[in-house]
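Please read it alongside the model shown here.

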Amino acid sequence: MAAQAAMSPATGWAIVIVLGLLWVGLGVFWGRKAKTSEGFMLAGRNVGLSLGSATAMATWVTSNTTMLAPVFALTLGVWGMLAYSTASFGLILFALFVPRIRQLLPAGVTAGDFFRLRYGSFGWALFLLITMLYSLSWLVSMAIAGGDLLLALTGISYLQGMTLILVVCVLYTLFGGLFAVIGTDFLQSLIILVGIVFIGGLVVTQLDFAEAYEHIATYQPSLLKIAMPAALLAVFNNMLFGFGEVFHNNVWWSRAFAMRKDVAPRAFFLSGLLWFPIPIAAGFIALAAGPLGINIVAENQTGPTVAAAVMGNAGLGAMAGILILIVLFCSMASSIDSLLAATSDLLLKDVHGGLLGRQIREESFRKLAAGVIVGVGILAWLLAAPHWPIINALFISGPLVGSLIWPVIAGLFWKRVNRSLVLAGIILGSGLGVTAYFTLGWFTATLVGAGVSMLFTIASRLIAPKAFS
Amino acid sequence: MFSPSFLQGLIVLALVWTGLGALALVVLIVRDWIKGTLW
């Protein structure tokens, strides 16, 4: 898999174009439901349980989930898979926040509305800075992963593959808004879940567990260790990273506003439950590599390499690459579309409308929204094209988003805080967390960021607190 | 070390759970569609 393409470039083009036409077609079809700006940005605020659960789950399943989970398993063993799964707790806990979010902001549109309400202009600007860095690095790392995926599986050049995936996602998002995003997320979530079960099931049928365990215990015993300090730190670091990502980002807040009030808490809870087993189901196949005699040439290609090998053993041959491509494309598209929509909503409402103070007339909204979505897409393309290791920017954003956990909780549920202390905690937490990233290791960064911010936020309740206006 | 039975149980549980998740989504969307509460 890592050494040569699993299918021809022509087949790769055909699959991505067919899937792309499907998503764009559905985007145009569902986009007709968006008659107003609120319809475009928030799908009419009436999304039901099935679509709500699926969109939250699918958005959180990224190519990182399916590609990095095996790497976590390969490097950190059983704890690595469990560490990744703790990211689902963010979705589950967010379910508890949603009723309060809807109560506090009955006509809310973005997460920026909350930060401006509770922490004023400076807090809002700080939030915008952090969330843009995080969201853009997530978006760009997905685009880069798409280019890498198409190159590895089909031989299509990185630039062409990355461009193709971005163009497809930009098109159906701009035609259909959140209706298109949520609708396609449902189909993509089914494909992802079925694909993971199919591939994982094949691995299980080809694996003798007793022999496999013996092999790992002999050659890679650290992967089975219970007391593995770095892995245990990774568990809590990942969990807090997940909290920070979900609690602050407009991808989730827009969904909280889009779902029906009675549905939203259950949908987020269910999405977390649906997401929890995925890193384990996708990741364990890396542990099967050694016992099955599969040679891993490139660590970041562990998942597709093992998947292709077991499907080859099962006589599926050429279908292997096709299935892997479809599952990974769906996992990328389900996140890219959400990021495009949520980021452009923030730029439209918070930056264009809020910071620049420009009124957006209803009749010109769709044109403006389309322009912003295309603009974000172009920016993502420009940042992805040089193939910089943007994924590192995503990981570095861990302490930044981690430092927002307690300010969100305080803003939602507390009556009085010292706002300056909270904001100081965000800044200091971010700074010290990033320092920890480079000096102590990635698996400490979010712990430090969230921890420092927590201390300041708790102090803000005790030292000269003022009631929220 | 994690025991062989724990590891096997965890993997099988994760796969079954993932599969049930797909089934749950299908059941939910059929239910929402019948009740007219999709979106």
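Predicted model: local features only at pLDDT ≥ 70, side-chain atom pairs only at ≥ 80, totals over all residues.

Ile405(A) belongs to helix 17 of chain A, which covers residues 405–413.

When neighbours within four places in sequence are left aside, the contacts of Ile405(A) are Leu240(A), Phe243(A), Gly244(A), Phe247(A), Ala450(A) and Ser453(A). From Ile405(A) to Val140(A) the separation is 265 residues in sequence and 24 Å in space, taken C-alpha to C-alpha.

## Two domains of chain A

The domain assignment divides chain A into domain 1, with bounds 9–391, and domain 2, with bounds 403–469. Taken over C-alpha atoms, the centres of domain 1 and domain 2 of chain A are 26 Å apart, and the contact between them involves 23 residues of domain 1 and 18 residues of domain 2.

On the side of domain 1 of chain A that touches domain 2 of chain A, at least two residues each come from helix 5 (88–104), helix 6 (111–154) and helix 9 (229–248) of chain A. Helix 9 of chain A gives the most to that side of domain 1, with 11 residues. By class, the residues on this side of domain 1 are 16 nonpolar, 5 polar and 2 charged.

## Helix 6 against helix 7

In chain A, the axes of helix 6 and helix 7 (residues 158–206) come within 7 Å of each other and cross at roughly 125°. Helix 6 of chain A and helix 7 of chain A are therefore oblique to each other, and helix 6 of chain A passes helix 7 of chain A in a right-handed crossing.

From helix 6 of chain A, the contact is made by Ala143(A), Ile144(A), Gly146(A), Gly147(A), Asp148(A), Leu150(A) and Leu151(A), while helix 7 of chain A brings Tyr158(A), Leu159(A), Gly161(A), Met162(A), Ile165(A) and Leu166(A). The contact of helix 6 with helix 7 of chain A comprises 9 nonpolar, 3 polar and 1 charged residues.

## Helix 6 against helix 16

Helix 6 of chain A also meets helix 16 of chain A (residues 390–402), and here the axes come within 8 Å and cross at roughly 150°. That angle makes helix 6 of chain A roughly antiparallel to helix 16 of chain A, because angles over 145 degrees are counted in that class. The crossing of helix 6 of chain A with helix 16 of chain A is left-handed.

Ile130(A), Leu133(A), Tyr134(A), Ser137(A), Trp138(A), Val140(A), Ser141(A) and Ile144(A) form the helix 6 side of this contact in chain A, and Ile390(A), Ile391(A), Ala393(A), Leu394(A), Ser397(A), Leu400(A) and Val401(A) form the helix 16 side. The contact of helix 6 with helix 16 of chain A has 12 nonpolar, 3 polar and no charged residues.

Most residues other than glycine have a negative phi. Against that background, Ala43(A) has a positive phi, near 50°, and Arg45(A), which is not a glycine either, has a positive phi of about 55°.

Ala43(A) is placed in the loop between helix 2 (37–42) and helix 3 (49–60) of chain A, and Arg45(A) also lies in the loop between helix 2 and helix 3 of chain A. Ala43(A) is buried, with 30 other C-beta atoms within 10 Å, whereas Arg45(A) is partly exposed, with 17 other C-beta atoms within 10 Å.

Chain B has 1 helix and 0 strands, and its C-alpha atoms fill a box of roughly 50 × 10 × 10 Å along the principal axes. Of its 39 residues, 26% count as buried. In the contact between the chains, 21 residues of chain B meet 35 residues of chain A, and the chain B side has 15 nonpolar, 5 polar and 1 charged residues.

Phe209(A), Ala210(A) and Tyr213(A) of helix 8 of chain A are in contact with Pro4(B), Leu7(B) and Gln8(B) of helix 1 of chain B. The contact of helix 8 of chain A with helix 1 of chain B holds 5 nonpolar, 1 polar and no charged residues.

Definitions and conventions. Residues numbered from 1 in each chain as written. Chains lettered and ligands numbered in written order. Contact = placed C-beta atoms within 7 Å. Nonpolar A, V, L, I, M, F, W, Y, C, P; charged D, E, K, R; others polar. Helix = DSSP H or I, 4+ residues; strand = E, 2+ residues; numbered from the N terminus. Buried ≥ 20, exposed ≤ 12 C-beta atoms within 10 Å, placed from the backbone. Domains from an automatic or database assignment. Axes fitted to C-alpha atoms, helices over the stretch in contact; angles between N-to-C directions. Parallel < 35°, antiparallel > 145°, perpendicular 65-115°, else oblique. Left-handed = near helix turned anticlockwise from the far one by under 90°.
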